[in-house]
Structure formats: C-alpha cells, structure tokens
Amino acid sequence: MAVVTGTDLSRIEQLLGDEAADLLTHQCRTVDRSLLHLPGPDFVDRVYALTDRKPATLRNLQWMFSQGRLGGTGYLSILPVDQGIEHSAGASFAPNPMYFDPENIVKLALEGGCNAVASTIGVLGSIARRYAHRIPFIVKLNHNELLTYPNKYDQTMYGSVEVAYEMGAVGVGATIYFGSDQADRQLVEVAHAFEEAHRLGMFTVLWCYLRNSAFKVDGVDYGLSADLTGQANHIGVTIEADIIKQKQAENNNGYGAVNQNGKGYGQTNKKVYSDLTTDHPIDLTRYQVVNCYLGRAGLINSGGASAGDNDLAQAVRTSVINKRAGGTGLISGRKAFQKPMEQGVELLNAIQDVYLNDEITIA
C-alpha cells in the first residue's frame, strides 16, 4: 500500500483559526491517556482479539481498519448516508441530486478514501454485487422517518441482520434514542440484532443518541452534554457495540440541568465534574471515550449537518478534538455528499489528514 502523507500542519492550523493553539497544545489533566486503549495499527490484535468475538468478526474488523487512506493506522473514516430516511430524501439529496443513485454514494466513499460506507438496506442492497467486495458495507438496520403525521421520533427496524449478511455486509449499525419513551424497546431490539450479527461474524456500530425535550433547558441542548452522552455510550458498549457513534460533547452537567427544578432524574457523582471533566472540548470528548470502556470500543464522532462554506473547518475541528481525546475517527455524511463529488472528496480527505498527521498527538 502506498504511503500517504498527511496535510501539512500549517493548513490544519489555518482551518482551526483562533482555536488552533489551544486545540493543538491542550494537555488533558483529567483522565490520563495512559489509562486509555488508544488506536493503533495493532488495535484489532491488542483489543478486539481479547473479546468474545468470533474470528470472522475480527477478520471483518481488520478489513475495515485496513481499508482506505487510514488503513493500518487504527483510525476510521466512514461515510454514512441514511439521511434519505432520517431527514427525507428531498431534504438530503436536493442539494446534489446525483446521490439519489446509491452507486454514487459508494463511489464517494471509494474516491474519498473511506474505511467503510454505512447506509440503508435498500441503498447497499441495490449495488451489492458490484461493490460489497471492494469496500466494507455497514448496513444501518433501523431508522426514524418523517412522513408520519404528526412527525414522531422512534427507530423502527427496516430489515434483518440475515439480509445484511447475505448481501455481503461485514457490519451492521443501529440507533437507540436514549432518554426517549421508546428507548427500552429499541434497546432490546438492537441488543438482539447485535447478538445475531456477532453470531454470523459481523461487527456492530451503535448510533448512541439522546432524544427528549426535557434535555433542552434554558436554550441549551444537554443531549450533547458529556455526562449524559457518556452514560449513553456506557449502555451502548454493554450490549457489545464494537464501535460507538456519538455526537461530540458541547457542554456538561446534563444531570444538573434536568434536575434544577427538583426533579429526581438519574444519578451522577461530583467527581465527574471536578476530576474527570473540564469545560474544554477535548476533555469533554475524553469523557465520552472513557465511557466506551476506556477506549476498548472505538468512539467515532459524527460530522453533523452541512453548514455551507464553514463545513471544511468544522470537520477538521471535530477531527482534531476526537483524535486528541483518544477517539477512533469520524463518521461524516451530509458535509460530504451535499456538495459536488470533488468537494466531498476534499472534505473527507481533510478529515483523514488530521489522523495521518503525527504532529497531532493524544492530549
């Protein structure tokens, strides 16, 4: 495999702007990096091989970690395109109609040097015979749709693990809306699906999201708090998710915010806030990694919605925070596919360049 040289640090510093010095030199004084199981070329042998996963699962994980521009680094860059269901096809693909065609989704992942592509059972099934042997497929099994009136927020199974396996997928993914009134049912469904996937030798990725209007307090969305997302991660690895997909933490003390009017919600400990976290974004994301069994399950942060001209800078910022916190990579969709393919490839490569740059170290 050809040696890939990461982007010059000066370009990354330029994209980070005024935050560059802080994000690139911050030292974490909370949970020390020595306690973490950090990404590396031997991650499958060093960490996953100690688990109860079957050899076929280890093989499929190794293929994903060996694929694309980040192959052999222990880091992941995954293209997820399930937004045609989650956000509607029109809202997702109108900015770039070529992506109504599933083949172009896979082409973007290949051209962009991704480790894997994650999408719906229909998208990947429609082009499986041409591409399932060329790039790892992750079939997203459940979705929330926005056609029901009034709109509701619930994850429903759209297909089976067996169908994903038969089409040649090597992994399955699913979402749980932690904090929602349907979370317990979703948890049972996803746990059963992950058990079946592991039985068949596939790996598992959990979209570990929080959803409840009570998490929004005084205009702040504590569904993005380090403590609440951290606990969601901890539940996720309990059902043996091999990889956790989580929104990057933007604030903290969600328990305190929800309980400020005397409500009896959840449990926490003051040391979470005094010893294990600060308000620095790298320290907040470090706590998300900590709750993934100190990194035994990889944390990949989501890239978020496309915001236009600022997408490239935001993607690089999220990647720097994830890497320096001890995370495993980024899973970015809308920022990439809602642009012409050349620009989408450029954005994906910019994300990967952060992980390829040895000057960007673990905090």
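In this predicted model, Tyr 265 has a relative accessible area of 31% and is therefore partly exposed, since the partly exposed class lies between the 20% limit for buried and the 50% limit for exposed residues.

Because Tyr 48 is located in the loop between α3 (43-46) and α4 (55-66) while Phe 65 is part of helix α4, the contact ties together parts that are 17 residues apart in sequence. Both partners fall under the 20% limit for burial, with a relative accessible area of 2% for Tyr 48 and a relative accessibility of 4% for Phe 65. Elsewhere, ring pairs join Phe 93, Tyr 99, Phe 100 and Phe 337 into a cluster.

Aromatic rings also take part in contacts with charged side chains. The charged end of Lys 140 is placed over the ring of Trp 207, at 5.2 Å from the ring centre. A corresponding arrangement is found for Arg 211, the charged end of which sits over the ring of Tyr 177, with 4.7 Å to the centre of that ring.

The packing of helices was considered next. Two packed helices are described by the angle between their axes and the distance between the axes. For helix α1 (residues 9-16) and helix α15 (residues 311-325), the axes come within 8 Å and cross at roughly 110°. The two helices are therefore roughly perpendicular to one another, because crossing angles of 65 to 115 degrees are assigned to that class. On the α1 side, the contact is made by Arg 11, Ile 12, Leu 15 and Leu 16, which meet Leu 312, Ala 313, Val 316, Arg 317 and Val 320 of α15. When the residues of this contact between α1 and α15 are sorted by class, 7 are nonpolar and 2 are charged, with no polar residue present.

Note on methods. Residues are numbered from 1 along each chain as its sequence is written. This is a predicted model: local features need pLDDT of at least 70, side-chain atom pairs count only at pLDDT 80 or more; totals for chains, interfaces and linings use all residues. Side-chain values use heavy atoms; hydrogens and water are left out. Helices (H or I, at least four residues) and strands (E, at least two) are DSSP runs, numbered from the N terminus. Buried means under 20% relative accessible area, exposed over 50%, partly exposed in between (1.4 Å probe, protein chains only). Rings of Phe, Tyr and Trp (its six-membered ring) pair if their centres lie within 6.5 Å; planes under 30 degrees apart count as stacked, over 60 as edge-to-face and the rest as tilted. A charge sits over a ring if NZ of Lys or CZ of Arg is within 6 Å of the ring centre and within 35 degrees of the ring normal. Axes are lines fitted to C-alpha atoms, for helices over the stretch in contact, and angles run from 0 to 180 degrees between N-to-C directions. Angles under 35 degrees count as roughly parallel, over 145 as roughly antiparallel, 65 to 115 as roughly perpendicular and the rest as oblique. Contact means heavy atoms within 4.5 Å. Ala, Val, Leu, Ile, Met, Phe, Trp, Tyr, Cys and Pro count as nonpolar, Asp, Glu, Lys and Arg as charged, and the others, Gly among them, as polar.
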